[in-house]
2 protein chains.
Amino acid sequence: MTRKIRLGAFLPGGGQHIASWRHPDQPADGAVNFDFHVQLAREAERGLFDAYFLADGLATSTGGLSEGGPARVAGFEPVSLFAALAPLTENLGFIATASTTYEEPFNTARKFASLDLISGGRAGWNVVTTATEAAARNFNLDNQHPHAARYRRAAEHVAVVKALWDSFEDDIFIRDKDSGTFFDGAKLHATRHKGEHFKVEGPLNVPRSPQGHPVIVQAGQSEDGRGLAAATAEVIFTAHQRLDTAQDFYRDIKARAAGQGRDPSHILIMPGVSPFVGRTEDEAHEKYDRLTSLILPQDGVALLNGLTGGTLDLTGYDIDGPLPPAPPTEGMKSRQALIRQIADDNNFSIRQLYQWVASARGHYTIIGSATQVADMLEEWFTSEAADGFNILPPWLPTGLTDFVDLVIPELQRRGLFRTAYEGRTLRENLGLPFPVNRHAAARAAAQAAE
Amino acid sequence: MTRKIRLGAFLPGGGQHIASWRHPDQPADGAVNFDFHVQLAREAERGLFDAYFLADGLATSTGGLSEGGPARVAGFEPVSLFAALAPLTENLGFIATASTTYEEPFNTARKFASLDLISGGRAGWNVVTTATEAAARNFNLDNQHPHAARYRRAAEHVAVVKALWDSFEDDIFIRDKDSGTFFDGAKLHATRHKGEHFKVEGPLNVPRSPQGHPVIVQAGQSEDGRGLAAATAEVIFTAHQRLDTAQDFYRDIKARAAGQGRDPSHILIMPGVSPFVGRTEDEAHEKYDRLTSLILPQDGVALLNGLTGGTLDLTGYDIDGPLPPAPPTEGMKSRQALIRQIADDNNFSIRQLYQWVASARGHYTIIGSATQVADMLEEWFTSEAADGFNILPPWLPTGLTDFVDLVIPELQRRGLFRTAYEGRTLRENLGLPFPVNRHAAARAAAQAAE
């Protein structure tokens with residue numbers, strides 16, 4: 001089988017670009033409009049995307065000056081939203097973000113197993129540690145835990161969740177009405193986890209779901225983040241501005257995974273790409289200029305503050321002057337460095353910087369014709385920089401529709417993208433293996449040794 | 001407007017009666033079959049029920065000997081299930097159980113606000129403290145917290161959730177694309193809660209939902225439980241075996257609510273009723289006998305153990321002899337007393353006791369024609385014992401279909417039940433008031449005082 005590009009779609013109903021809600025095409029209430037999310041899911045499915053991806057945070061700002069722009073001050077909780085979209089779609093995967101810091105593993109395991117059951121095997125969990133001070137203050141803390149502590153908890157949280165997902169063996173249910181035997185008790189397993197952060201007896205009260213385990217997604221770029229990703233992730237969402245840094249990251253993660261005894265082809269690297277696509281390059285630039293013209297300076301400044309850890313106060317700085325240094329934080333270290341790199345590489349003023357990152361917050365932004373966008377994707381895909389991409393349409397639904405109508409057919413013509421879904425589950429479409437239940441595997445090994 | 005009976009439907013896909021999965025009508029995989037839940041929701045909506053109600057626990061037994069019977073060893077997480085059912089229905093409410101002990105208020109507030117948004121205002125939260133040792137062991141504890149401590153935490157948890165639901169005033173959004181004004185910042189409010197159990201800064205990151213607050217449901221019968229219910233609940237689910245105790249409870253709760261300055265008509269008392277309905281009384285008894293004959297003794301004994309707090313070991317006792325005394329526990333005190341009362345009142349053996357409680361676990365079981373069932377409901381409704389009922393069909397879907405086809409028309413003929421949904425939201429259908437946002441109310445009061 002030829003290797004194909006995998007595609008996720010970031011489709012926040014409020015729009016990706018901080019000014020997108022002001023665009024005539026975008027419903028101003030998109031963030032809280034359920035029917036709009038149904039439309040987006042169906043459009044992504046028409047484009048044969050692997051998955052609908054939603055980021056998530058556990059706080060909003062009273063000033064509304066969040067990095068997502070004012071239209072994202074409030075929205076749906078991702079797992080309940082995806083559960084509602086699942087029966088209205090057939091093949092699209094759903095990757096929801098959930099926090100290892102502010103949830104308990106039993107609840108995490110349960111809601112994703114339930115989503116996987118509801119969707120017939122189309123769930124994915126984007127594992128995040130939730131890196132904002134504002135979120136900490138919603139969960140009984142004055143300050144968030146240090147970066148390294150969050151990652152230690154994350155590793156343990158994921159391990160417990162995966163153990164809980166193996167509580168029921170796949171073939172446990174007998175359901176013989178005549179004898180009254182419902183299941184084979186030998187195939188139901190306690191977890192009995194006792195670790196630094198969690199004690200969880202188990203078993204989970206949801207059966208093993210169609211995928212065995214929902215797909216594990218991760219986006220950490222720091223040393224801690226890469227370690228966690230190499231150990232547990234099956235899909236990695238990453239941000240790069242240049243082919244060479246993307247290649248470095250790709251090779252590093254694949255090597256780390258191999259070092260942990262994993263098959264490197266079972267960990268898919270998917271950088272974010274924000275495409276402005278036109279029938280011509282000029283038309284694409286018109287689309288970019290139009291959205292950029294809609295950014296209010298205070299929203300742009302709030303975006304930079306959010307992206308640099310929430311501690312960068314730009315009050316009193318000339319927005320046509322350079323970006324001042326920011327104090328160190330316990331927030332997302334990798335993204336702070338990336339934003340700084342973009343400013344330095346391009347010698348951007350504050351205004352130029354927020355204009356550039358307004359659509360994709362540090363992800364690669366490309367402005368061009370379908371051929372040019374496909375060229376870029378093909379180059380990264382064929383030169384060890386990416387196994388696929390997370391597409392961040394700058395505004396919705398048109399930014400998505402442009403990609404589906406213009407870029408997808410070009411990728412298909414080149415033999416780089418599917419023309420129909422290969423499988424029934426997200427895991428099958430991504431070409432990821434089915435995780436064998438650990439207890440069934442242990443029994444099989446014991447029997448083989450006899 | 002004439003007062004009407006309100007009806008909730010308990011529809012666990014695995015069946016209510018512990019042997020229901022062995023009934024020919026019931027899909028043996030009902031507990032984990034999403035399509036079956038869709039069928040049940042649509043059937044309840046055909047019957048014009050106010051709401052679909054799901055109980056919930058945060059543990060399952062490795063032996064599978066849970067009080068729900070073996071078919072309920074595993075199932076869906078209720079909020080994700082209801083989110084998925086919401087777009088497939090139009091009027092039916094969804095009351096999901098969630099724990100104040102093992103979740104954080106920010107997450108609770110968020111998922112119910114999200115469900116309310118997805119369903120267009122049809123969400124309810126059944127507030128429980130989760131009273132089992134097994135659940136405690138899934139959440140980092142060796143033993144569950146004492147009963148009184150759980151209720152203190154519950155009261156604070158509910159208060160924080162309600163405060164978070166008022167983060168956004170109803171008319172906060174302006175969404176003026178021309179000026180770039182998305183919302184009125186003066187109408188977004190922090191919570192700033194600091195209490196015994198929780199510190200929550202707020203605001204919530206979900207807007208005020210269509211109902212303002214999802215409907216608060218509660219089922220505590222103990223002194224602590226009644227106090228919490230009178231203070232916060234809008235619907236009370238309760239279990240009674242006799243009209244007189246139901247009346248005592250009804251009057252007590254209404255008086256407590258009035259004592260807290262609440263309108264007693266805004267707190268609806270809905271006892272559970274498990275109906276075996278036939279076209280004749282004989283046919284109803286045949287249905288009862290048929291289900292009873294399917295109970296395996298070990299499942300009956302496990303049921304009694306679960307209902308009496310998980311500490312009653314009946315090993316070695318003659319199941320045709322009397323129920324031995326049980327040690328005191330920190331579990332659900334009220335239900336332990338109720339089960340004991342049923343055994344004592346009827347002089348039941350262990351076998352007779354589990355046969356009687358197998359369908360409804362301490363709720364009122366009635367076996368009769370549609371007229372007889374309607375008579376009972378009418379008597380309780382008109383004599384200050386109930387504002388409505390939670391119907392627990394013993395097996396599914398037929399137990400529900402019998403009620404919809406036989407009892408509902410009889411109640412409608414008597415003018416006791418709706419012939420069409422009155423409103424768009426659960427709150428409107430239940431005749432409950434819309435909770436005015438506290439911050440908007442404070443501003444209105446301040447303006448009136450000027």
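Predicted model: local features only at pLDDT ≥ 70, side-chain atom pairs only at ≥ 80, totals over all residues.
Over all chains, the count of salt bridges comes to 64.

## Overall form of chain A

Chain A is built from 15 helices and 13 strands. Its C-alpha trace extends about 75 × 55 × 40 Å along the principal axes. How does the radius of gyration of chain A agree with that of a compact globule, and what is its value? Chain A has 22 Å, and a compact globule with 450 residues would have a radius of gyration near 22 Å, so the two agree.

## Salt bridges across and along the chain

One pair to look up in chain A is A:Asp166 with A:Arg438, a salt bridge whose closest N and O atoms are 2.7 Å apart. The two partners come from distant parts of the chain, 272 residues apart: A:Asp166 sits in the loop between α5 (147-165) and β5 (173-176), while A:Arg438 belongs to helix α15 (residues 438-449). Are these partners buried or exposed? A:Asp166 has 1% relative accessibility and therefore counts as buried. A:Arg438, in turn, is partly exposed because its relative accessible area is 38%.

B:Glu196 forms a salt bridge with B:Arg152, and their closest N and O atoms are 3.2 Å apart. B:Glu196 is in the loop between β7 (193-194) and β8 (199-200) of chain B, B:Arg152 is in helix α5 (residues 147-165), and 44 residues separate the two. With a relative accessible area of 54%, B:Glu196 is exposed, whereas B:Arg152 has 44% relative accessibility and counts as partly exposed. Also in chain B, B:Asp244 pairs with B:Arg242 in a salt bridge, with 3.1 Å between the closest N and O atoms. B:Asp244 is partly exposed at a relative accessible area of 37%, and B:Arg242 counts as partly exposed at 36% relative accessibility.

## A negative patch on the surface

Which residues of chain A gather in a patch of negative charge on the surface? They are A:Glu281, A:Asp282, A:Glu286 and A:Asp289. A:Glu281 is placed in helix α8 (residues 281-292) of chain A. Its relative accessibility is 37%, so A:Glu281 counts as partly exposed.

## Backbone details worth a look

In chain A, the bond from A:Leu396 to A:Pro397 is cis, with omega near 0°, and A:Pro397 lies in the loop between β13 (388-391) and α13 (398-413). In chain B, the peptide bond from B:Leu396 to B:Pro397 is likewise cis, with omega near 0°; B:Pro397 is found in the loop between β13 (388-391) and α13 (398-413) of that chain.

Positive phi angles turn up in chain A as well. A:Arg175 is not a glycine, yet has a positive phi of about 55°. A:Arg175 lies in strand β5 of chain A and is partly exposed, with a relative accessible area of 24%. A:Glu384, again not a glycine, has a positive phi of about 55°. That residue is located in the loop between α12 (370-382) and β13 of chain A, and A:Glu384 counts as partly exposed at 43% relative accessibility.

In chain B, B:Thr132 is found in the loop between β4 (123-128) and α4 (133-136). B:Thr132 is partly exposed, with a relative accessible area of 38%. Twelve residues along the chain separate B:Thr132 from B:Gln144, and their C-alpha atoms are 7.0 Å apart.

In chain A, A:Ser222 has its place in the loop between β9 (215-218) and α6 (223-232). A:Ser222 has 12% relative accessibility; buried means under 20%, so A:Ser222 counts as buried. From A:Ser222 to A:Ala374 there are 152 residues in sequence and 29 Å in space, C-alpha to C-alpha.

Notes. Residues numbered from 1 in each chain as written. Chains lettered and ligands numbered in written order. Heavy atoms only, no water. Patch = residues over 30% accessible without salt bridge, like charges linked within 9 Å, V, L, I, M, F, W, Y side chains within 5 Å. Areas by Shrake-Rupley, 256 points an atom, 1.4 Å probe, with all protein chains shown as cover. Salt bridge = Lys/Arg side-chain N within 4 Å of Asp/Glu carboxyl O. Lys, Arg positive; Asp, Glu negative; His and termini not counted. Charge placed at Lys NZ, Arg CZ, Asp CG, Glu CD. Helix = DSSP H or I, 4+ residues; strand = E, 2+ residues; numbered from the N terminus. Buried < 20%, exposed > 50% of the residue type's maximum accessible area, 1.4 Å probe, protein only. Rg over C-alpha atoms; globule rule 2.2 N^0.38 Å.
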